[in-house]
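Student: Could you help me see how the words used for a protein model follow from its values?
Tutor: Gladly; let us look at it together.

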Amino acid sequence: MTSRICYIHVGPHKTGTTSIQWFLQENRAELLEHGYFVPESESKRGTHHALAEGLAGLDVGEHREPLVLRSIAAIAETPAQAVIISSEALEGLLRNQQHSEAFFNRVQELNLQPKLILFPRNQPQWINSSYASMVEDFRRSDSFESAALAFAESPDARFSRWIQLAQTHGAELVARPFNMGTLRRGVIPEFVRSIGITCSEFRDRTVRRNEAVGPFTVSVAREVLRSIRNEMSWLQAKRCKVELAKYLDENRLTDSGYCGLSTALARHVEEELRSDNDAFAQQVWGKPWTEVFAADITEEFAPNDLEMRRPDWFTARRLRRAIGKMKALAHDILTDPALAVDAPWNDMAHRSGLVSRE
């Protein structure tokens, strides 16, 4: 039996994943007409996190298990010759050998030949966007500089690991640079070309981006999380994020455009990763990294993080009030038993692939 293709969009985070997932969900019927099956999503955004976790052998919880089983059955039964799965959660899940083996074995059992779709991004811009997002999600509270320096030394910052992963599991790696040119043209045309079709064939090509939060939001979330001794559950963190957004909106404090980078720090991160970046770029694109990301590596930065640039007295006063209010709300959230369910699906480390299956 001839294997069908499974296009597995792995992100990473902050490389247009929201736009791609929205496009896939809004064009499910049209894609199916072209022979591409997109499984049902667990959210309005079009993500396949639950499906990715289920294929990797994780406990997805009773509330998500029916969707996962339904999606796997639909993949097995569809006559389409291609399946598209999109989940940036795979960035973490496939880091774990046990999870990656389970995932690719399950894909093979479904008679699918995997093709990994990856959007590498110049690391300083990547960590800047990712840091703000993770703080907003109540998932980290360290300083930006500490996070950036640790990231530069981490295997996760090195895209060559995706080449090794693809080779290990007999998958093809399709890499498209997420650079300033991609931002200008839009990530959706790049994505659809990577799966062998053209964007003009679809009616809904609207780009929907998650706008990065600003320095005020980052400061509030970071200080609240620092005041909590134990790590939050997934539900607790999700509720805190919702309550923070609500508070900021009601008080007209919503901001955007966070930057923790200085130009010097950006150049340091790029230098730390230069060797791996060049090796990766030459292997997948036949060009040096500096050519593919020419505009990105010359970008200059001025940090606006309120730990680096002291706020004026009025902003400082509003910041203290916001932190005080959110600490009180966080206390209520942490004492709500419904949000503290002791289950693998509610554990942040487990959902990110940092904990092996029992």
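Student: What should I know before we start?
Tutor: This is a predicted model, so local features need pLDDT of at least 70 and side-chain atom pairs count only at pLDDT 80 or more, while totals for chains, interfaces and linings use all residues. Residues are numbered from 1 along each chain as its sequence is written, and side-chain values use heavy atoms, with hydrogens and water left out.

Student: Why are α7 and α8 called oblique to each other?
Tutor: Helix α7 (residues 123-136) and helix α8 (residues 144-152) pack at an angle of about 130°, with axes 10 Å apart. Angles under 35 degrees count as roughly parallel, over 145 as roughly antiparallel, 65 to 115 as roughly perpendicular and the rest as oblique. The angle of about 130° falls in that remainder, and therefore α7 and α8 are oblique.

Student: Which residues make that contact?
Tutor: On the α7 side they are Gln123, Trp126, Ile127, Asn128 and Tyr131, and on the α8 side Phe144, Ala147, Ala148 and Phe151. Contact here means heavy atoms within 4.5 Å. By class the contact has seven nonpolar, two polar and no charged residues. In this scheme Ala, Val, Leu, Ile, Met, Phe, Trp, Tyr, Cys and Pro count as nonpolar, Asp, Glu, Lys and Arg as charged, and the others, Gly among them, as polar.

Student: How do α1 and α11 pack?
Tutor: Helix α1 (residues 17-26) and helix α11 (residues 187-194) pack at an angle of about 65°, and their axes are 9 Å apart. Ser19, Ile20, Phe23 and Leu24 of α1 meet Val187, Ile188, Phe191 and Val192 of α11. These residues divide into seven nonpolar, one polar and no charged.

Student: How do you know that the length of α13 agrees with its number of residues?
Tutor: The expected span of a helix is 1.5 Å times one less than its number of residues. For the 17 residues of helix α13 (residues 234-250) that should be 24 Å, and the end C-alpha atoms are 24 Å apart, so the two agree.

Student: Which residues of α13 are buried, and what covers them?
Tutor: The buried residues are Leu235, Gln236, Ala237, Cys240, Leu244, Tyr247 and Leu248. Their cover includes α12 (215-226), α16 (313-334) and α17 (348-351). Just after α13, Arg252 takes a positive phi of about 55°.

Student: What makes Asn111 buried or exposed?
Tutor: Buried means under 20% relative accessible area, exposed over 50%, and partly exposed in between (1.4 Å probe, protein chains only). Asn111 has 18% relative accessibility, so Asn111 counts as buried. Asn111 lies in the loop between α6 (97-109) and β4 (112-118), and its phi is near 60°, a positive value in a residue other than glycine.

Student: Why is Lys14 called partly exposed?
Tutor: Its relative accessible area is 23%, which is why Lys14 is placed in the partly exposed class. Lys14 is in the loop between β1 and α1 and has a positive phi of about 65° although it is not a glycine. Pro12 is in the loop between β1 (4-11) and α1 as well, and the peptide bond from Gly11 to Pro12 is cis, with omega near 5°.

Note on methods:
Axes are lines fitted to C-alpha atoms, for helices over the stretch in contact, and angles run from 0 to 180 degrees between N-to-C directions. Helices (H or I, at least four residues) and strands (E, at least two) are DSSP runs, numbered from the N terminus.
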